[in-house]
Amino acid sequence: MAAKRIIIAARPAARSFSSAPSVAGPENLLKHRSSMPAEGKYPLIGPDVFVAPSATVVGDVELFDGCSVWYNAVIRADQAKVQVGFESVIGERVTITTAASLESGFPADVRIEQWVTVGAGSALRSCIVEYMASIGENCVIGEGAVIEEGAEVGAGSVVPPGRLVPAGEHWAGNPVAYVGKARSNVALRKEQGFIAHDHYMEFLPNNTVFWAATEKPTA
């Protein structure tokens, strides 16, 4: 019996992937929600905070005046509270999450104080980052860790759970170790914070696209 050749037609992909934001309706409005509740708690966002259109803020989050949450960052406070202080910068693709509790018995909240910079791609969980501290790109800050005032964590570093990075020192590595004194760069950090204001005026809470949609044509 002659063998039969079976030809299977190529099926279209079940799901297509795109980096473009999802849109709905003829007005091309974004489906993405930048903020949403969790466990009955809603984010509290200051009047001049910049939350990028592709960022996500969930649950018991408090964003103080002038801080910014950049593109594709996620702050999820579904188990404990997250606070981000005045003029602090949460960089692109940063993830901030909380644990239900800590072995030390201290609160499992995330507290990020004023003028803090968190570099792109970093992950923070139930930790404390004090005034003017700086976290480099792609760092991991473990549960219960404390980054004291003015301290710096070098890019790509891992701060183990419960570790203390002392004030005014520069630590780096995996796990982090003392490298030297922190390099004071107050002007640069403040400049990063002020950049958020330009974006805030461009996007406002939902951006300004609706102006064109609602504007009546002039005769």
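1. Thr 56 sits in strand 6 (residues 56-63); strands are DSSP E runs of at least two residues, numbered from the N terminus. Thr 56 is buried, at 14% relative accessible area. Buried means under 20%, exposed over 50%, partly exposed in between (1.4 Å probe, protein chains only). Leaving aside neighbours within four places in sequence, Thr 56 is in contact (heavy atoms within 4.5 Å) with His 32, Arg 33, Ser 34, Met 36, Ala 73, Val 74 and Ile 75.

2. On provenance: this is a predicted model, where local features need pLDDT of at least 70 and side-chain atom pairs count only at pLDDT 80 or more, while totals for chains, interfaces and linings use all residues. Residues are numbered from 1 along each chain as its sequence is written, and side-chain values use heavy atoms, with hydrogens and water left out.

3. Aromatic pairs number four. The rule takes rings of Phe, Tyr and Trp (its six-membered ring) with centres within 6.5 Å; planes under 30 degrees apart are stacked, over 60 edge-to-face, the rest tilted. Phe 50 and Tyr 71 are edge-to-face, because their ring centres are 6.1 Å apart and their planes stand at 65°. Phe 50 is in strand 5 (residues 50-51) and Tyr 71 in the loop between strand 7 (68-69) and strand 8 (74-84), so the pair ties together parts 21 residues apart in sequence.

4. Phe 50 is buried at 1% relative accessibility. Tyr 71 is partly exposed at 24%. Phe 50, Trp 70 and Tyr 71 make up one aromatic cluster.

5. Disulfides (cysteine sulfur atoms within 2.5 Å): the structure holds zero. Cys 127 is buried at 1% relative accessibility. Cys 139 is also buried, at 1%.

Terms used: Helices (H or I, at least four residues) and strands (E, at least two) are DSSP runs, numbered from the N terminus.
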